[in-house]
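Hello,

Here is the structure I promised to pass on. My notes on it follow below.

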Amino acid sequence: MDTATEEPGRRVTTLELFFDLVFVFTLTQLTVLLAADLSFATAGRVALIFVVLFWMYGAYAYLTNQVPPDRPSRRLLLMLGMAAFLVCALAIPRVFDDTGVVFGLGFLLVVIVHTALYTRSHGWDSVWYGVPNALAALLVTAAGLVDGLPADGLWVLALLLQFVTPFVAEHGPGRRDGRTAATLRVQLGTLDPAHFVERHGLLLIVAFGESVISIGVGIGDLPAVRSWRSRSPSPCGGRTSCATRRAPRPRSGRRRRSSAGGRR
């Protein structure tokens with residue numbers, strides 16, 4: 001009796017885990033933006049940025065599931081995408097003030113790297129998955145040039161463009177190699193479930209870890225904690241630190257000379 005043996009799923013690589021670490025830092029920067037202005041308007045803007053960023057993270061998770069970084073060229077491109085996410089993260093705290101264009105250009109680089117990796121493995125037909133994402137990145141960049149409701153409208157329009165990406169890719173212009181939209185969808189839709197589940201599980205662990213670190217650092221800066229530290233007893237006794245205790249005074253040179261003269 002023959003028994004079918006299942007091949008083990010591909011494991012998440014160290015580079016992919018490092019990519020997730022950078023992406024989680026990008027998400028934690030959203031809390032900095034929200035803490036600067038606790039309002040419903042800012043919360044809505046933070047939600048917009050989160051969805052736009054997470055859409056591209058999902059695209060990268062989908063990409064590395066099908067195109068593993070197992071050769072130098074793929075690793076270099078993935079590291080470039082990682083650097084682009086880092087640029088976005090550094091620009092988030094003031095993205096609606098004076099760093100919106102920087103965020104948009106970093107996000108455009110994220111999209112370009114993703115599209116380049118896809119076209120290297122699946123051919124030029126898959127470039128239509130990147131065209132709407134690139135247009136969305138350009139809208140985000142344009143949002144950095146305006147303020148108020150026009151900027152919010154550009155962000156919403158960019159999000160809508162991302163959502164219609166699969167439809168545009170499947171029903172877009174004709175394909176060079178004659179593949180139908182259904183054939184291309186099947187080819188791009190083949191996933192390794194074990195890798196996909198492990199990737200998102202590790203993302204949650206990294207997110208929880210960075211959240212704990214951020215909470216610990218934030219609590220340490222609270223005025224109540226600072227006051228408690230200043231009132232806590234010192235190991236040297238009392239409420240004074242060891243550095244503030246006075247050292248014994250050295251004997252004066254006059255007493256030394258007088259005692260020396262008496263011995264003579």
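E16 and R199 form a salt bridge, with their closest N and O atoms 3.2 Å apart. E16 belongs to helix α1 and R199 to helix α9, so this pair ties together parts of the chain that are 183 residues apart in sequence. Both residues are buried. Please keep in mind that this is a predicted model.

A second salt bridge to R199 comes from D20, and here the closest N and O atoms are 2.9 Å apart. This pair also links distant parts of the chain, since D20 sits in helix α1 and R199 in helix α9, 179 residues away. D20 has a relative accessible area of 0% and is buried. R199 counts as buried because its relative accessibility is 1%, below the 20% limit for that class. Through their shared partners, the salt bridges join E16, D20 and R199 into one network.

The structure holds 7 salt bridges. Another of them pairs R11 with E198, the closest N and O atoms being 2.9 Å apart. R11 lies in the segment before α1 (14–36) and E198 in helix α9, so the two tie together parts that are 187 residues apart in sequence. R11 has a relative accessible area of 58% and is therefore exposed, the limit being over 50%.

**The chain as a whole**

The chain has 264 residues, of which 36% count as buried. Its secondary structure comes to 11 helices and 0 strands, and the order along the sequence is α-α-α-α-α-α-α-α-α-α-α. Its accessible surface is about 16100 Å², and carbon and sulfur atoms account for 66% of that. Taking the contacts in the chain with a separation of 6 or more, 76% are between residues 24 or more positions apart.

F196 lies in helix α9 (residues 193–220). With a relative accessibility of 26%, F196 counts as partly exposed. Apart from neighbours within four places in sequence, F196 is in contact with A61, Y62 and N65. The C-alpha atoms of F196 and T64 are 9.3 Å apart, although 132 residues separate the two along the chain.

A89 is in helix α3 (residues 72–91). This residue has a relative accessible area of 0% and is buried. Once neighbours within four places in sequence are set aside, A89 is in contact with F25, T26 and Q29.

**Helices α4 and α5**

Two packed helices are described by the angle between their axes and the distance between the axes. For helix α4 (residues 100–122) and helix α5 (residues 131–143), the axes come within 7 Å and cross at roughly 170 degrees. An angle over 145 degrees counts as roughly antiparallel, and α4 and α5 are therefore roughly antiparallel to each other. On the α4 side the contact is made by G100, V101, F103, G104, L105, F107, L108 and V111. On the α5 side it is made by N133, A134, A137, L138, V140 and T141.

**A nonpolar patch on the surface**

V156, L157, L160, F163, V164 and F167 form a nonpolar patch on the surface. Together these residues have about 540 Å² of accessible area. Which helix gives the most to the nonpolar patch? Helix α6 (residues 149–163) does, with 4 residues. L157 has a relative accessibility of 42% and so counts as partly exposed.

**In short**

The points I would look at are the network of E16, D20 and R199, the salt bridge between R11 and E198, the roughly antiparallel pair α4 and α5, and the nonpolar patch to which helix α6 gives the most.

Regards

Notes
Residues numbered from 1 in each chain as written. Predicted model: local features only at pLDDT ≥ 70, side-chain atom pairs only at ≥ 80, totals over all residues. Heavy atoms only, no water. Patch = residues over 30% accessible without salt bridge, like charges linked within 9 Å, V, L, I, M, F, W, Y side chains within 5 Å. Areas by Shrake-Rupley, 256 points an atom, 1.4 Å probe, with all protein chains shown as cover. Salt bridge = Lys/Arg side-chain N within 4 Å of Asp/Glu carboxyl O. Buried < 20%, exposed > 50% of the residue type's maximum accessible area, 1.4 Å probe, protein only. Contact = heavy atoms within 4.5 Å. Axes fitted to C-alpha atoms, helices over the stretch in contact; angles between N-to-C directions. Parallel < 35°, antiparallel > 145°, perpendicular 65-115°, else oblique.
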